[in-house]
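Here is a short tour of charged side-chain pairs, written for anyone who likes to check contacts by eye. Please have a look at the model first.

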Amino acid sequence: MSAPLISILDDEPAIRAILSEALTEAGFRTMAFGRATEFEAALKRATPDVCLVDLGLPDRDGLSLVHRLALEQGASVIIVSGRAQVQDRVTGLELGADDYIIKPFDPAEVVARVRARLRAPRSAPTRSETARFAGWTAHFDRYVLEDATGAETPFSHAEGEVLRLFLESPKRLITRAHMQESLGGAAGESFDRAMDVRISRLRTKLREDPKNPRLIKTIYGAGYIFLGDVDWA
């Protein structure tokens with residue numbers, strides 16, 4: 001089996017070189033690009049396992065690219081940016097990024113974060129790509145929710161990770177600590193905010209009543225419980 005492929009998008013040649021060297025030494029394959037157009041063209045030829053994306057790009061808004069990657073690609077997305085404000089981190093995570101690394105960084109930390117992202121999707125024993133629950137079908141191979149009429153609603157890679165975590169542990173308490181451990185990323189305000197946003201978006205896509213959700217129940221001070229019965233195909 002070939003090594004995981006990591007795609008690097010950063011307009012600074014020195015950053016691309018540092019990341020490529022560190023990841024290659026760690027046993028990964030890498031592709032590096034300085035412009036979003038080059039990066040997007042390469043996605044048509046190969047799908048990376050993890051994308052490292054800078055926000056300050058010369059030819060494209062990095063945040064819009066992150067959002068598109070989260071919706072259309074099966075890769076995890078890690079933002080690597082000099083924007084250190086909490087709101088920047090929250091916005092990036094809300095748009096679908098799986099993690100956020102602030103420049104300047106230790107290359108060893110980036111490697112560790114990449115490894116964490118690669119472990120997270122493989123941590124659960126059940127790896128079926130289709131789950132049925134409460135009149136819905138979740139297609140994790142296509143990142144869509146299908147209702148009883150056949151209408152489809154897309155969800156992002158990050159939203160899919162949270163949904164899968166719920167569906168693989170129905171009627172069991174899932175704590176914030178367990179979510180952080182299972183999904184990777186640094187614990188803290190930005191992670192908690194990102195989880196709140198992803199769960200809110202999942203509830204909207206599942207047409208939940210925000211005041212009285214019937215499937216994803218908040219247990220205040222403890223975590224969440226998914227209340228539906230789940231059938232993995």
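## Charged pairs across the chain

Asp196 is partly exposed, because its relative accessible area is 31%. This is a predicted model, so that value, which lies between the 20% and 50% cut-offs, is computed from predicted coordinates. The partner of Asp196 is Arg176, and their side chains meet in a salt bridge with 2.3 Å from N to O. Asp196 sits in helix α8 and Arg176 in helix α7 (residues 176-183), 20 residues apart. Arg176 is partly exposed too, with a relative accessible area of 25%.

Helix α8 (residues 189-205) takes part in another link, where its Lys205 pairs with Glu159 of helix α6 (residues 157-167), 46 residues away. Both Glu159 and Lys205 are buried.

What ties together the loop between β1 and α1 and the loop between β5 and α5? Asp10 forms a salt bridge with Lys103. Asp10 lies in the loop between β1 (5-9) and α1 (13-25), and Lys103 in the loop between β5 (99-102) and α5 (107-119), so the pair joins parts 93 residues apart in sequence. Both residues, Asp10 and Lys103, are buried. They also belong to a salt-bridge network with Glu12 and Asp54.

| Salt bridge | Closest N and O atoms |
|---|---|
| Glu159 and Lys205 | 2.7 Å |
| Asp10 and Lys103 | 2.7 Å |

Conventions. Residues are numbered from 1 along each chain as its sequence is written. This is a predicted model: local features need pLDDT of at least 70, side-chain atom pairs count only at pLDDT 80 or more; totals for chains, interfaces and linings use all residues. Side-chain values use heavy atoms; hydrogens and water are left out. A salt bridge is a side-chain nitrogen of Lys or Arg within 4 Å of a carboxyl oxygen of Asp or Glu. Helices (H or I, at least four residues) and strands (E, at least two) are DSSP runs, numbered from the N terminus. Buried means under 20% relative accessible area, exposed over 50%, partly exposed in between (1.4 Å probe, protein chains only).
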